[in-house]
Amino acid sequence: MNKQRKAVALISGGLDSMLAAKTVMDQGVHVEGINFFTGFCVEGHTHAIRDKDRAKPKRNNSLWVAEQLGIKLHIVDVIEEYKKVLINPKHGYGAHLNPCLDCKIFMVNKAKQWITENGFDFIITGEVIGQRPMSQRKSTMPIVAKESGADDLLLRPLCAKNLPATLPEREGWVDREKLHEITGRSRKPQMAMATQFGITDYAQPAGGCCFLTDKNYSAKLVDLWQAQSSKDYELDDVMLLKVGRHIRPKKHFKLIVAREEGEGRFLQGYQKDFISMNSSSHLGPLVLIDGSPSAEDLYLAASITARYGQGREADQVEVSIMDQDGSERTIRVKPIAAEAMPQEWFI
Ligand code: SF4
């Protein structure tokens with residue numbers, strides 16, 4: 001009897017990786033999923049925080065996909081190692097700060113290490129030639145395979161017939177004839193395949209896999225790097241860039257202003273790490289002050305805080321300032337006028 005082969009599928013939570021895994025599972029291969037947590041994932045906590053995302057399911061899509069497929073999912077924290085990929089990508093960035101090609105190479109390399117350690121035979125991805133301008137082109141497919149070290153252990157079931165046969169195909173672990181030849185940006189073939197498999201609910205692909213493809217998010221990350229004169233970051237830094245309105249009146253400090261209740265509650269969790277403010281005489285948002293503000297800067301920050309509360313038209317607003325150790329004081333300020341806040345302050 002032939003040995004049952006084992007494959008690990010990179011599961012992003014989107015439709016393509018789901019279909020790729022399903023295609024191979026249907027050929028009798030034992031498939032498990034792997035998902036890499038970089039800190040930049042779109043779903044999860046922002047959907048849980050923002051009002052505008054209320055209709056979106058509060059779920060981790062990769063876990064959800066694994067559950068739909070009935071496979072085990074391994075979530076691997078790569079936050080530290082990923083910094084090298086993001087800070088200095090060999091193949092550069094895409095339209096924003098997304099180092100997609102280096103990211104793919106990194107993830108497939110991690111999957112290669114994983115299959116070696118866990119006795120699996122090959123790797124599956126949901127890549128499709130021509131789907132993404134940076135990382136999924138015909139010319140980049142061999143680069144990912146080679147530079148990740150996966151070589152022909154990397155099978156892309158959705159476009160395999162447009163690529164040279166990999167080891168799993170040549171060895172008959174999977175039947176190449178039952179793989180696919182999808183190319184291009186159209187989502188129709190994937191949607192048709194989903195219908196065929198009876199998959200009706202899946203994460204919409206728009207928006208990419210992570211915040212790094214987002215223009216506004218990338219601008220905030222560039223601002224952070226410029227302000228600290230280094231490209232290093234901690235997980236909390238990149239999480240906070242997803243939340244609130246960011247205003248930088250001076251290079252050495254910025255304000256993070258909660259835009260709604262959910263964000264306010266989220267920012268409360270950081271009051272032990274940052275100076276925080278909110279208006280005590282009028283209703284207003286919680287504001288964190290990131291950086292090293294002087295007493296004069298705090299006065300300016302308080303007048304901005306007052307502007308975002310219901311006292312914006314008042315002559316004087318009381319603003320309570322809380323230090324990281326919980327000590328509190330109140331100052332009275334005049335809310336800053338909108339015209340006194342130049343556009344460059346808004347990140
Ligand atoms: S969108 Fe983000 S997670 Fe996806 S390949 Fe690009 S950098 Fe990596």
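These are my notebook entries on a predicted model.

**Ground rules.** I number residues from 1 along each chain as its sequence is written, and my side-chain values use heavy atoms, with hydrogens and water left out. As the model is predicted, local features need pLDDT of at least 70 and side-chain atom pairs count only at pLDDT 80 or more, while totals for chains, interfaces and linings use all residues.

**Entry: the ligand.** I looked up what surrounds the ligand. I found Tyr82, Pro99, Cys100, Cys103, Cys209, Cys210 and Thr213. Near means that a heavy atom of the residue lies within 4 Å. I then sorted this shell by class: 6 nonpolar, 1 polar and no charged residues. Nonpolar covers Ala, Val, Leu, Ile, Met, Phe, Trp, Tyr, Cys and Pro; charged covers Asp, Glu, Lys and Arg; the others, Gly among them, are polar.

**Entry: helix H1.** Helices (H or I, at least four residues) and strands (E, at least two) are DSSP runs, numbered from the N terminus. Buried means under 20% relative accessible area, exposed over 50%, and partly exposed in between (1.4 Å probe, protein chains only). Among the buried ones I noted Leu15, Met18, Leu19 and Val24. What covers them? The cover includes strand E2 (30-37), helix H3 (61-69) and helix H8 (188-197).

**Entry: the cores.** A nonpolar core is a set of buried Ala, Val, Leu, Ile, Met, Phe, Trp, Tyr and Cys residues joined through side-chain atoms within 4.5 Å. The largest has 67 residues; Tyr82 and Leu212 are among those with the most contacts inside it. Helix H5 (residues 100-118) gives the most to this core, 9 residues. Apart from it lies another core of 20 residues, including Val257 and Met341.

Beyond its neighbours within four places in sequence, Leu212 is in contact (heavy atoms within 4.5 Å) with residues including Phe40, Tyr82, Pro99 and Leu221.

**Entry: the cavity.** I found 1 cavity of 30 Å³ or more. On a 1 Å grid over the protein atoms alone, a cavity is a set of points where a 1.4 Å probe fits but cannot get out; lining residues have an atom within 4 Å of a point. Grid points are joined across faces, edges and corners, and a volume is the space filled by probe spheres set on the points. The largest cavity holds about 30 Å³ of space. Its lining has 5 nonpolar, no polar and 3 charged residues. Asp237, Lys254 and Asp290 are among the lining residues.

Technical notes. 1 Å grid on protein atoms, 1.4 Å probe; cavity = no way out; pocket = protein on both sides within 12 Å on 5 of 7 lines; lining within 4 Å.
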